[in-house]
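Biologist: Could you take me through how to read the surroundings of a residue, and then of a helix, in a model of this kind?

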Amino acid sequence: MNKGAVQNFFEDFYVGQTFECPTPRVLTNADRVAYIALTGDRTPRFCDAHNHIHPLIVFHTVLSQTVRPISLNAVANLGYAELSWKQAVHIGDTIRTTATVIGLKENSSRRDGIVYVKTTGRNQWNEVVVEYVRWVMVRKNRENATPYLSAPVIPRFTPTLAPERLTLHSPDQCYHQVTGGSFFFEDYHIGERIVHRGSMPISDSDHLTFTRLYQNAARLHVETIPPHPAPVVFGGYTISIAYALAFHGLENRLGLVAINRGAHPNPVFAGDRLSCFTEVVDKVDANPLAGLLRLRLIAVKNRSESSLGSLELHNGAHGQPTNDPSVVLDLDYWEPFLKRPR
C-alpha cells in the first residue's frame, strides 16, 4: 500500500460511521482579512473591532475539515440542510469537527454514490458552534455493487428550522449608522424579489486561493475530473460571493443564523461571472431590536442583471429553480435584521 494514497471511496462508507476530522484550525484576524479580500463582503458586524468571525468562515472551515475523510473523491457537492450556528465564534477560537455518515445511496451507474453526512463543529471548550447535514456524490473504486444500490438509506430532513430554536445575535441600536442601509426589518415584504446590483467574475487564482485557505483537499477543485471540463469552483466560494453581493439591499443584516436547505444545481468554473437576487419567503418578529427574515438567495452565472427580475422559479420554498443552466446556487436561510430605530 502506498501510504500517501490512503483515501475513502463510496464503498468504504457505512451508515453510523464517525470520523474525527483533521486538522483543528485557529481562526484569527488574518482569516477575516483574507475572507474580505477574496469575497468583498462588507457586513459591518464582521469587519469591526468586536472580533466576531463571519459565520461563513466557520462553515467553510468545518466543511473543509470533513473533505479528507468524506469527499476527497467527490464528483459534486450536492446540498445542505438543517444548518444552524449555535453560538458566535471569535478571533482566537479553535475549531474542530466530527462527521457521521447518516445515509448512503449508490447510483444506478455503479460508478459513484451519494453520501449523507451529519457534521458538527466545536470550539476549544467542546461547545457546538455549528451543525448541519450535507450530501455529496463520491466516486467508487470498484465496479461491484454495494448493498446501498438495492437498499439505499436516505435520511429525511426538516424543511424549515423553527425560528424560536435559532440563536440570535444581539444588535447594537446604533448598528444602522455603520451599514449605509436605508431598509429595516419592517420594510421587507413576503414575496418581494430584490435584484442585487453588481456582479463578480471568478478567476482561477481567487477560487484556488479560497480553496487552499480553507484547506479543502477535494480533487475536483484543483484537477480536471470528467465529466467536468475544468476544476469545479468550491461551492463554498459560490455561497460567499453570492452572500457578499447580496449586501446591496440587505445592508442591515446581522449575520446568518441558519440554512434550511441549499443546493448547487450547476457547477461554476473560472471565467464565469456571478450575479444574484433574493426573495423574501417569510418574516418573524424576534425581539424589540430585530426580526428574522427567511430569504431565498439565487445565484446565476453569465446572465445580465436586467434578466434576473423575470427569471422563473418553481413554486415551493425548497423547489429547484427552472432547468436554466445559469442557476448555480439556491440557498434558503434565516437571518436577523435590525428594526427601524425609534
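Modeller: Let us start with contact, which means heavy atoms within 4.5 Å. This is a predicted model, and in it Thr-61 touches Arg-25, Leu-27, Ile-95 and Tyr-214, leaving aside residues up to four places away in sequence.

Biologist: Is Thr-61 buried or exposed, and where does Thr-61 lie?

Modeller: Buried means under 20% relative accessible area; Thr-61 has 2% relative accessibility and therefore counts as buried. Thr-61 lies in helix α2, and a polar atom of its side chain is 2.8 Å from the backbone oxygen of Ile-57.

Biologist: Turning to helix α1, which of its residues are buried, and why do they line one face of the helix?

Modeller: In α1, which spans residues 29-39, the buried residues are Asp-31, Arg-32, Tyr-35, Leu-38 and Thr-39. Viewed down the axis of α1, these buried residues fall within an arc of 140°, so they line one face of the helix, whereas Ala-30, Val-33 and Ala-37, on the other side of α1, are exposed.

Biologist: What covers the buried residues of α1?

Modeller: The cover includes the strands β1 (18-26) and β7 (200-201), together with the helices α2 (55-65), α5 (204-213) and α6 (235-245).

Biologist: What is found at the start of α1, and what follows α1?

Modeller: At the start of α1, a side-chain oxygen of Thr-28 comes to within 3.1 Å of the backbone nitrogen of Ala-30, while α1 is followed by Gly-40, whose phi is positive, near 75°.

Key. Residues numbered from 1 in each chain as written. Predicted model: local features only at pLDDT ≥ 70, side-chain atom pairs only at ≥ 80, totals over all residues. Heavy atoms only, no water. Buried < 20%, exposed > 50% of the residue type's maximum accessible area, 1.4 Å probe, protein only. Helix = DSSP H or I, 4+ residues; strand = E, 2+ residues; numbered from the N terminus. Arc of directions from axis to C-beta. Polar contact = N/O pair within 3.5 Å; in protein donor to acceptor, adjacent residues only side chain to side chain.
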